[in-house]
Structure formats: C-alpha cells, structure tokens
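Please read the numbered points beside the display.

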Amino acid sequence: MTSTLPTQITAVTVPAAPPTNGLGAAGGSATQLPISARLRQRLQEAKAPFLANDNISAHLREGEMDQLESEVTDKIRELLRSLVIDIENDHNTAETAERVARMYLHEVFKGRYQEQPKIASFPNVKKLDEIYTVGPITVRSACSHHLVPILGSCWIGIKPGVRVIGLSKFSRVAEWVFSRPHIQEEAVLILADEIERLCEPEGLAILVKAQHYCMKWRGVKEPQTTMVNSVVRGDFRRDPNLKAEFFELVKQQESVLGY
Ligand SMILES: [Zn+2]
C-alpha cells in the first residue's frame, strides 16, 4: 500500500517536462481548427451576429467557402452514417454528402454567405409619388426549425421617396434575403429593412403567402395550410386607404394570375 507513494511523487515531477510534448503540434492546433470554428471565433470577436437568418459574407475571406464546403460535406457524410445509411454501398447516396453541402452553401442558404447583389438606386427625378406593387416574387426559403422548404409568393408595395430602384431589383434582394433558414415573420422584416436601406421609400408594404413543408410533409400534415403575413411602414402605415389600395392591387394581380 505504501508502494503507491513513490509513484505519486514521481508523477508530480512529470508535469515539469510536458512543455516539449506534442512536438510543435500545439502551435499548429490553432490553425487546424475547423474553418467553421475559426469563423465563429472571428464573428464573436467582431461582435457580429450569425443567427440562421444573418448574412456573414463580410467576415468570409477568399477560399474559405471551399473549406466550408469540404467541412460540411464531411459532416453530412457523418450524418448519413448516423442515420445508418450504407453510403459505401448505396450508389444513390454515395455522393449525397457533396451534393447537400453544395446545395446548402451555394443554393438554398446562399443568402447567408454571398454579398448583397449590387443594386444601384437613382434619384427620383420625376418625383413619382403613386404607389406601385411588384409581384408575385417567388419565395424559396427554409424554416429554421426543421430546415425544410418554405415556398410561396411575395408582393412589395412602394410609395417612392427620394430614390428609386429598378423593378427587377426587388426580386434580387428578395431572393438574397429568403435564401437563408428563416421564420416567415422575421424574413418579411429583414426584407423590409433591406428595401428601406436601398431606396428609402415614403411607404413600404410587403405581403408574403407561403406554404411551410414542416406542416405539409411532417408534423400536422396539413397540405393546404398557407401562412400569410405582411409588414406596412411609412405612408402605408399612416394611411389606411393606401394600405387598402396595396392589398386590393395584390388581390387583382392574384386573380389575373389565377392564384
Ligand atoms: Zn419547421
């Protein structure tokens, strides 16, 4: 029993040596952190939010999307293994990890990683002050809770201010905003903020009607349920007639399109 004492004593002396352990690997381990960990660290240091519906493009450096793609691919492969899918022998899922990683980073969630599309605004020289609507703009998004699709349509109503942007630009901003995991209510607010920043309208109204696959495909399995929500700002908020006019215009467009 007393024989354990000497070994304890020698054990105490051992920690004096460790600085040489790892043969330099300790210095290298910081750079060997997965790219996502380095990005999270960078975002936290910059106090930049990186929630599912935030855009982090300002913090990405050249080549890092490729590194992210390879990390995500590895993780999806592990996910498939955890789902007990024989990806080594199943020809259908052999390349699924690569496909899903590309889909998330470059397609369905690209609005998190890509910069805002370049959109020029112009002075409203003709002093346009009539409201107009743009729509339907296709909504392709995914719910933050289950990462399954949210698909629908969006209408934007504008009462021009001092600056205007081209009609087609609204779809580009909308696509950029929607291509992130979202909660529909927040998506509409984020889109409204971006449009206000771009063209500072006197009034802005946005209506989104979408089907949530977390209700169609799973959960309550209500295939017909559509979620409708809207945001009205500026003159559309102050003037009930203007607001009514926007919803009337949307209704007319819908009936023309047979919605
Ligand atoms: Zn969901």
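1. A residue is termed buried if 20 or more other C-beta atoms lie within 10 Å of its own, exposed if 12 or fewer do, and partly exposed in between, with C-beta atoms placed from the backbone. On this basis, 23% of the 259 residues of the protein chain count as buried.

2. This is a predicted model, in which local features need pLDDT of at least 70 and side-chain atom pairs count only at pLDDT 80 or more, while totals for chains, interfaces and linings use all residues. Residues are numbered from 1 along each chain as its sequence is written.

3. The protein chain has 11 helices and 7 strands; these are DSSP runs numbered from the N terminus, helices being H or I of at least four residues and strands E of at least two. Two residues are in contact if their C-beta atoms, placed from the backbone, lie within 7 Å. Among contacts between residues at least 6 apart in sequence, 72% join residues at least 24 apart.

4. A nonpolar core is a set of buried Ala, Val, Leu, Ile, Met, Phe, Trp, Tyr and Cys residues joined through C-beta atoms within 7 Å. The largest such core holds 32 residues, of which Cys154, Ala174, Leu191 and Ile206 touch the most other members. At least two residues of this core come from each of strands S2 (132-143), S3 (149-159) and S6 (203-212), and from each of helices H7, H8 and H11 (240-257). Apart from it lies another core of 5 residues, including Val72 and Tyr104.

5. Not counting residues up to four places away in sequence, Ile206 touches Cys154, Ile156, Val188, Leu191, Ala192, Ser230 and Val231.

6. In the contact between helix H7 (residues 167-178) and helix H8 (residues 184-199), Val173, Ala174, Val177 and Phe178 of H7 meet Ala187, Ile190, Leu191, Glu194, Ile195 and Leu198 of H8.

7. Which strand holds Gln211? Gln211 is placed in strand S6. Gln211 counts as partly exposed because it has 18 C-beta neighbours inside 10 Å. Leaving aside neighbours within four places in sequence, Gln211 is in contact with Leu151, Gly152, Lys216 and Thr226.

8. Glu254 lies in helix H11 and is partly exposed, with 15 other C-beta atoms within 10 Å. Between Glu254 and Pro136, 118 residues apart in sequence, the C-alpha to C-alpha separation is 8.2 Å.
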